[in-house]
Amino acid sequence: MVSTPSSVGTGVVRARRKRADDVAGLGRARAAAFVVPALLMIGMFLLFPAIWTIYLGMTDYRLTGLAAAHTSFVGLGNYTAAVGDKAFWNALQLTVVFVALSGVIGQSLLGFSLAWSLRRLKGWVRTLVESLALAAWVIPGSVNAFLWIALLDRRDGTLNTLLNTPGTAWLISDPMAMIVIFNIWVGTAFSMQLFSSALSAVSPSQLESARIAGASEFRQLFDIVLPTIKGHILTNTLMITLWTFNTFTPFLLTAGGPNRKTEILSVYIYKTAIGSGQLGFGAAISMIMLLINLAIALLYMRVGRKK
Amino acid sequence: MSDITIRELVKQYPNGVRGVDGVDVDVADGEFFALLGPSGCGKTTLLRSIAGLESVTEGALHIGVTDMTHVEPGDRGVAMVFQDYALFPHMDVSDNIAYPLRVRKVPKEERRATAARTAEGLSLGGLLDRRPGQLSGGQQQRVALARAIATRPDVLLLDEPLSNLDARLRLEARGFLKQLQRDLGVTTLFVTHDQAEAMALADRIAVMKDGRIQQIGTPREVFHSPRNTFVASFIGSHPMNLLPGRVSGGRVEVLGASLPAPRLTVDVPDGHEVVWGVRPEFISWSGTATPDSVRAEVSIVENLGATALVLAKAGDARLQCVVSEESAPQVGQQVWFACSVEKTLLFDAVTTDRIGGGE
Amino acid sequence: MTIATRATAHRTSRTATRFVGRLGFVVFITVVSVFFAVPMIWLVVAPFDGNPTMSVKWPEWTLNNFHRILDNPYAFGSIVNSLMISGGVVALTVILATLAAYALSRVRIPGRDALLYGLLLLSSIVTGTAAMVPTFQLINALGLINTQLGVVLVMSGGILPTVVFILKDFMDSVPKSYEESARLYGAGPFQILRDVVVPVARPGIAFVAVWSVVQAWSNFLVPFILLRDPTLQPAGVLMYTFYTEAGQADLRLISAFSLVYTLPVVVIYFLVNRKFGFRFYGGIKS
Amino acid sequence: MVSIGRRKLITLAGLALVPGALDACSSTSKTASNTSSGGTKNVTLTITANAIEGGKNAAEAKWVADWVIPQFQKANPGVTVKFEPQGVNDENYKTKIALDLKSGKGADIIAIDGIWTGEFAQAGYIKPLKDVAGAAVDAWDGWKQIPNAVQGAVSFQGKVYGVPQGTDGRVFFYNKNLFSKAGLPTAWQPTSWDDVLNAARALKKLKGVTPIQLNAGTAMGEATTMQGILPMLVGTGEYVWADNKWAGNTKGLRDVMNLYKTIYVDEKLGDPVLQQEANGRDSSFQEFAAGQIGILAEGDYFWRSVINPAKGVGTAPMADRDTVVGYTKIPAMKPGSGVKGQSFVSMSGGAGRVLNPNTKNADMAWKLMELICSPEGFAARAAGTLSISPRDDVNKTLLAKDPMLTYVSTEVLPITSYRPGLADYTQVSTALQQASLDVVTGTSVADALKTYTGTLGGIVGAGNITNN
């Protein structure tokens, strides 16, 4: 019997080594010194207001009026009020659709498709396409809103001219579709960037061997590329979900309308907090939004780890 | 003196796994020393512990007379070439080689001169302005070496130095490395999973498994006198034939035959379970029965150029032997294998330690 | 079918597939380019139109709109303010986040990932409208109302978790052997960071830097509530003042200022991209 | 990549939920009005308004900088006056000054919309003028020139919190060209809703013309309430807030909603889509200016600002405004059916200026206020853009130049109504807008009002609603 010099059961040791405790010899003390300034900053200007906001969420605090002077603690009253508010459920439902369509599906897919189709391209075409996508990403939201209002204008918007559909009020007839497309337009560049650096790390030899084995482009994609960049996909989905949940720019396009058809949570919060000055209630909704984000994040990570 | 003394070294991870589990090694000044073992055996961890990149849980490490166990890596007088070379992608070759000098605040002019001189010595003269990404694998390796030796370290550590090169280049680099080590006379430890590389390069080899040293010896010792079945099977370009048998009246019953036993170093009673081993290179065959031979049927013949590897079946067991290509048997042929008793080894079936044979 | 004809047929279908694929690719790229480009036409055309409307049309060419922007007492200063605020935010976040992300990437701190993601989630509260009052009160208590420093601090606090999060991801993929190598030659942590980690992670740092600029550049609420002197307000706030009494947009000013407001951040992006790139080096091993 | 223990995250979220007792940090202001009454050494006063040079309300900003500040500093050596311009939308401006006042800061003189008076007073952000600046307030001779109704715009519970800066009134504007094309009289005074509807029906025959624009829906925000729902409601004889109760499912509100239904759903006399556009109000201005809308309910600001043909003033300038655009009082539902038995009605808003209770120089601030509100002040202000001032004496001389503003000040203001200055109003207003939107988009009046009363109950409490 020939015993082979394989290493059964030693993989554990190797896997652990990747997490070498401290490669740069920072040491805990110095590592702490590196982290503390950022944490102080975050603690002071993020954590502190955040916790305060969470507290406000349990009061009936308002910007003006009697409740501004005599704020009282209402416990979970705002939360139960939100749960009983049709507008809240409407906003939540819209947000889920908006995030799923424009972020998770739209931006990720288009971003990946771009990264994938441009990966072997050099020269002006790539520069052009990337620059356009990135320009949309860096242009400030308030400007973007004007660009899209001009594009979708009912009277003589560019889209109506291009499609020869005079008088179509896109933002009234298909408001959700429009803000979804708008958000894809704005945000795709992030996914594109992330995926194109991820793709550059996929080993060409693996793809070669798959191609020689006769795998179609789609097979290569699913068998080799996607598993390799799984981590990037998870990062991308997490970030995009969070950002899309919080994006406020659609408000500049539709102001939540018509008839609340685009009143996503961030808009709903804005309307309650600034529009009607109900800061306590607004804070509670923000907190609910945070918890939803948390749940989604946990779900993603569970799915991501399973694959 | 830059000899290395390692005593009772343990590296335990927070999860309780011991990467290095009680290792004693002595490396002489100027010696070319290999740490050999399958992946995950702890050889790289040991090397990194010597470099100071891993903190040691127990035990002691001395370089020369200095206790280096808890000394910062930068203060050990140790240089290392990483498996991936770890050349800084944003620096050109010259800056890469001179980086250790820059850390030591050597003036720029001197740095450049040293880098140029070292590069020249490693035939990298024309490449000083290139970035690592623009170099071939062999060139990258030499740059990494140049950077490691630019500071004249006391100890040079190489982690799988040849593994990223293609087969032809690897042979070339082997010779080059050996020559360089000899010229510099620097105490050198290198890690490899390739026994041929270890055999070819090292003055002595430490074979490791599961964080422990199995055997330390010259290439000849580990080849001819492996301490246990693990070393026996790990060393050699073709794995040793290891077959179960039992001792009986000064002979070994194996493969249904009774073969002469080598000289036993331990007294064992008759009927003791053993593993009988012989290297494929030491087996000969004949088409007719001979004394002390084993009958088998040839199943595969692999042409290796000058030699051929014959795989044969004897009952349920399989045997390998390497014979001259011209005299190889045919597939399906009945053959009788025989070998000189001096070349056979006996291992205890339970402890796997060698109990007979060897030099 | 003979082997020869089958091979030919095969080849023909392969060529056909390739042609269709090629065509599909060209169509895809064209459609996507048009999709991204069309909305931007307004930004290029309307500012030069004597009477811009909410539509793209051949303009009555004029630079009058820009003259009016020049006449605006705050327009130029607001761009400078935007640059200062964004610059402050970028400097603060990138330096702090680089240090923190590096340490977090290299040293295991218990609960590190939960901490990071928890902060990331919290940042979504604070960058929203709900935390406006606490933020204002905090800056007020610190005596930083009407200072750009206050704005920079609040914005930085809000985006730091995200920047740390992204940077840590970048740092995680920087081969650790670089640092070990430098460490063996005696380089200290700061030296390693400066000589090795930062240069290698530079595309990642460039990415978060541009991201931070974009965030700071377009923020309205924070500078608006924290600053009172209009000469301190950034362009993001000024952009909202080109309205008449009833909130009607003055498109002559808005179109021209949109361009003026957008150009610097686009230029910054292109400069950074050109100088540092947005990617990793196609490393030796990554 | 991130790998987070699920448990850890939950722990973290749990931690975040712990009610932080961090509220202590709210900086209570040192309301010490150490009035340096007579001594005018190195006093700095600040004025803020939602106006900015080169942007929103530029004329006001310019007036403060070029007239108010130099005048006052000349008259009071040693005093420095500063202007903090804003120039954003009203919600944001309100938020900002509320935050300022809450933290005990803010400018000494603050311009506010009269509608905010109640909620600011309730929050303790502002105090009655007399409490801030003392006897000098009563002694001011300007009060005589300001009608009580106008003073009411910046009053709360019978106390005056600020000095009114101006007022306005709502009328029907109509396009005389379209009227003659449709065979309608160009001198038009409807006396009932039916008159208006009949005119609209006649206009409907013209191609490419929307007969009437009565603001509806949430997209137009307060413009819907102010130009649409409330002027109609007062025409039914009801107020939105009366006897400490809010109008719920009342007869008047049903009538108003039915009017919307007639206009937008049953007879298609208006453009329901425009009501939903995010910038629908701007579009309505553009369309009116382009001769595509026959009748438009708007405030006088539409005349003096939007379609003003003077260079650089209007965003939808009409060169032939004075000849083409007619204006007429809004009729009650039927003659005599309006509030107080009126046959014609209107709604007015009013801007004002308040003194910051935290001011360190109350006396001097009041002095500055007197200057701002002097006839000379309003005259100078009107040099930029003419509008109705709160002072009768000023209006008499200045408005003579503008027949429309004269009409509003003499014919409309006497019959006008004001909104209740309560914190809840904003939300009630939004609920009303929603009801009108529901009707315009096809919901039945009964259902729309059912939703409305439900929402209203959530805002003000079911016990504070009138239903009949």
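Which residue in β17(D) is the bridge partner of D:Trp246?

Modeller: Happy to! The bridge partner of D:Trp246 is D:Ile465, which belongs to β17(D). Before going further, a word on how to read this: the model is predicted, so local features need pLDDT of at least 70 and side-chain atom pairs count only at pLDDT 80 or more, while totals for chains, interfaces and linings use all residues. Residues are numbered from 1 along each chain as its sequence is written, and chains are lettered from A and ligands numbered from 1 in the order in which they are written.

Now to the strands (DSSP runs of E, at least two residues, numbered from the N terminus). Strand β10 of chain D covers residues 245–247, and two bridges join this strand to β17(D) in the parallel sense. Two strands count as a pair if DSSP finds at least two bridges between them. In general, strands of a sheet pair through backbone hydrogen bonds, either parallel or antiparallel.

Let's step back to the sheet. It is an open one of three strands in chain D, in the order β9-β10-β17, and its pairing is mixed. In chain D, β9 (241–242) and β17 (465–466) are the edge strands; each has a single partner strand, so one side of each is left without a neighbour in the sheet.

How is the chain as a whole divided? The assignment for chain D gives domain 1 as 43–160 + 350–418 and domain 2 as 170–347 + 421–466; such bounds come from an automatic or database domain assignment. Taken over C-alpha atoms, the centres of these two domains of chain D are 29 Å apart.

The two domains do touch: 20 residues of domain 1 of chain D are in contact with 20 residues of domain 2 of chain D. Contact here has C-beta atoms, placed from the backbone, within 7 Å. On the domain 1 side, α4 (117–122), α19 (403–412) and β16 (416–418) of chain D are the elements that give two or more residues.

Finally, the side of domain 1 of chain D that touches domain 2 holds 10 nonpolar, eight polar and two charged residues. Here Ala, Val, Leu, Ile, Met, Phe, Trp, Tyr, Cys and Pro count as nonpolar, Asp, Glu, Lys and Arg as charged, and the others, Gly among them, as polar.

Key
Helix = DSSP H or I, 4+ residues; strand = E, 2+ residues; numbered from the N terminus.
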